[in-house]
Amino acid sequence: MRKFSLYNFLSLLVLTSCQNQEPDLMIEDFESVSFANWTVEGDAFGETPAQGSLSGEQLVTGFQGSYLANSFHNGDDSRGILTSKPFRIERDFINFLIGGGMSEDTYIELLVGEQRVAKSHSPVESETLQLVSWDVKAYRGQEASLRIVDNQRGSWGHILIDAIEQSNQYKSNIMENYTLTYDISQKYLLLPIEDSAPETKVQLMVEGKEVGVAMDIRLAKTHIEYWLPLSVDAYRGKKISLVFGQAMKGDMGISQIKPSDTFDLNYDEPYRPYYHFTPEYGWMNDPNGMVYHNGEYHLFYQYNPYGARWGNMHWGHAVSEDMMHWKHLPIALAPDPLGAIFSGSAVVDKDNTAGFGKGAIVAFYTSAGEQQTQSIAYSLDNGRTFTKYEHNPVIANPNIADFRDPKVFWYAPQRKWIMSLATSQTITFYASKNLKEWERLSEFGQNIGAHTGVWECPDLFPLSYEGKTKWVLFVSINPGGPNGGNATQYFIGDFDGTTFTPEALPYPLWIDYGRDNYAGVTWNNIPESDGRRLFLGWMNNWDYGNSVPTKNFRSAMTLPRELRLQHNGSHPVVASFPVKEVGDEQDNQPIIMNKLAENPLPIGADFYNNGYVVSFTVKLNALKAFEFALQNSKGEKIVYYFDTEEKNFVVDRRKSGLTDFSNNFADPLIVAPLIPKKSYTIHLWVDKASVEAFVNGGEVVQTNTVFPTEPYNQLWFDLRGNTVVSVENITLYKIKNQ
Ligand code: FRU
């Protein structure tokens, strides 16, 4: 081997210092107020460089001198391209200032010959330009050109570029594909999160190989709001790396990542419910894969383990023997190259129709990649681990953007599986003999029901009514619920194995008129000896779900409920009421008053520190309207108005506690229809951050979240001065087994 001589060393030194002495070369600063060095296409960049902001644009800052390229001419919708004259790459780096939108369609790229060798969009959505650098050493001496492209309409559909230079210095604070490597000897890497920070792509590598797909993580920039654990237990003794798509030098979210053997779950959060299901940490939305098997109720759910906001959809998993006490299990399904794991269902394949094994739990989910397709996975160990089917997806996308949320059940009369699938604003039914090959049967939903939003999360199931079987179809819709945002509508009718035919009823009908019960579906495989149809929904609303004032986790599920067909005095409805497992008046020595004696009724700490139920019957006699409220000493309250003339039951949560985390949480008033009756029996299930109100056994329901700053500890009635009215059987009881 040749020795590294002093001569070599000196010549390297000379070379380096010469290179450093090479002055920066300005490619374009737009100060000539002309695009003479560029070919201009489209109208977005105008005819000459812009002097800062353009008409209708927020203040543009962070550019150099007085002019820059700005594609906001004619607003965000305009499109255009600037292509530079060819130039020679004579330095190691190209530095430039960039701002505007973060879309993949607003970008600057470097072409060497025909080939793109670098591409960047603005690192943040902002009218303040940031300095970005490309390493172009590999192309020194070659001829290149630049293209500045705005091919994006709508919000943030513009790009800002200035001060493009060649330099031997990498000047940006932004590091592309920045890598940190760890020798793993502990269970977790704790990630510092800031909820409002932009998402950074983070790829896990184990011993130099990519594991899974990159996750979008809101790593802290200005302060750490909470920590989330990345479990690395499986890699003990190995080297793992985290590769950050884009990182800022000095980001605390990156520099403060720390190994740990423990992760403290914060169950003392002020709005962590006492008796509703929540994820241990991270974000949760729809219930998925609900199936009963070998004595366990399985609850899978849409889950982001990397932040308390929606993203990186996995299936989280928990099991319970009574739907009240849940055991958290490891994540069941993680995103893969086909996409994120969106909502779906699970069945028990008793006859091994799919060939995965007798009694396999087979899960159906939407692979949400560039297109939405349907995939399957199976478990032979009671849902503890899943194997994805090697020939996924099992249903390709027929060119429908919203094509998702498969709910599958066994249709015994024709010995076949039926899948209900949300297809834009209809539900399409498919059939299969083996769970792998699916045949399209029919489509339901045009010109019936609510259509102001996308149809999601269908569920078709039978319920008995007056000795006959009727079929019920649940369809969640977002937006377009009766009170804004999302809600779940249903249809009652018949199903013959191919087609669902609805009865004539005053659609849309809603399973819950409150703002916070969405994407709910029913459990599969409940034993015939039990015979119940059991339901549970996501207790939140897309209108504000990502900003509710919880911290380490976001969202709870509703109470599990039993569904029944019931006549409401006008027509049949699907009534829902908490399952018997959650307890009733018999438990825990209720406080019972026969008549309304005190006003307001105090609720002791024993109750509000556990979660409680209060129920009563109001006999109206001559009264047309009455109201009551749950309230605390700070004057925070959730108010309920019943009006038999207006025929509605209204919930007002404008003063319910914290409301300003979103501008559409408190308003509007939340209205449900009310059939005039002589008496109403009302049950309120109260937890730290929710009240579920059931009227007459659940023929009208309102589920609403609330964030009081101290617990509601009084029930207050306003009977409009009418003493003839009676409020009877006022019962206050604790939740079972608390
Ligand atoms: C409903 C929904 C589903 C989808 C999932 C994604 O809330 O939009 O349609 O599968 O959430 O998390």
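Asparagine 294 is exposed, because its relative accessible area is 56% and the cut-off for that class is over 50%. This residue belongs to a predicted model of a chain with three helices and 53 strands.

**Asparagines with positive phi**

- Asparagine 294 sits in the loop that runs between β19 (282-293) and β20 (296-304), and its phi is near 45°, which is a positive value in a residue other than glycine.
- Asparagine 729 also has a positive phi, near 50°, and is likewise a residue other than glycine; its place, however, is in strand β53, which covers residues 726-734.
- Asparagine 729 has a relative accessible area of 41% and is therefore classed as partly exposed, whereas asparagine 294, at 56%, is exposed.

**A buried asparagine in a loop**

- Asparagine 696 is located in the loop between β50 (690-695) and β51 (700-705).
- Asparagine 696 counts as buried because its relative accessibility is 16%, and the buried class takes in residues under 20%.
- Once neighbours within four places in sequence are left aside, the residues in contact with asparagine 696 are Gln566, Lys677, Ser679, Tyr680 and Thr681.

- Proline 668 lies in the loop that links β47 (648-652) and β48 (670-673).

**Annotated domains**

- An unreviewed UniProt entry carries the annotation "domain: DUF4980" for residues 184-275; over this stretch the chain is 4% helix and 45% strand, and the C-alpha atoms at its ends are 37 Å apart.
- The feature "domain: Glycosyl hydrolase family 32 N-terminal", also from an unreviewed UniProt entry, is placed at residues 276-569; here the chain is 0% helix and 52% strand, with the end C-alpha atoms 32 Å apart.

**The chain as a whole**

- A compact globule of 738 residues would have a radius of gyration near 27 Å, and the 30 Å computed for this chain agrees with that value.
- Taken along the principal axes, the box filled by the C-alpha atoms is roughly 100 × 60 × 55 Å.
- Of the 738 residues in the chain, 58% are buried.
- When contacts between residues at least 6 apart in sequence are considered, 67% of them join residues that are at least 24 apart.
- The accessible surface of the chain amounts to about 30,500 Å², and carbon and sulfur atoms account for 48% of that area.
- The side chains include 62 that are positive and 87 that are negative, and the centres of these two sets lie 4 Å apart.

How values were computed
Residues numbered from 1 in each chain as written. Predicted model: local features only at pLDDT ≥ 70, side-chain atom pairs only at ≥ 80, totals over all residues. Heavy atoms only, no water. Helix = DSSP H or I, 4+ residues; strand = E, 2+ residues; numbered from the N terminus. Rg over C-alpha atoms; globule rule 2.2 N^0.38 Å. Buried < 20%, exposed > 50% of the residue type's maximum accessible area, 1.4 Å probe, protein only. Contact = heavy atoms within 4.5 Å. Areas by Shrake-Rupley, 256 points an atom, 1.4 Å probe, with all protein chains shown as cover. Lys, Arg positive; Asp, Glu negative; His and termini not counted. Charge placed at Lys NZ, Arg CZ, Asp CG, Glu CD. UniProt positions renumbered as here; feature names shortened; annotations may be inferred.
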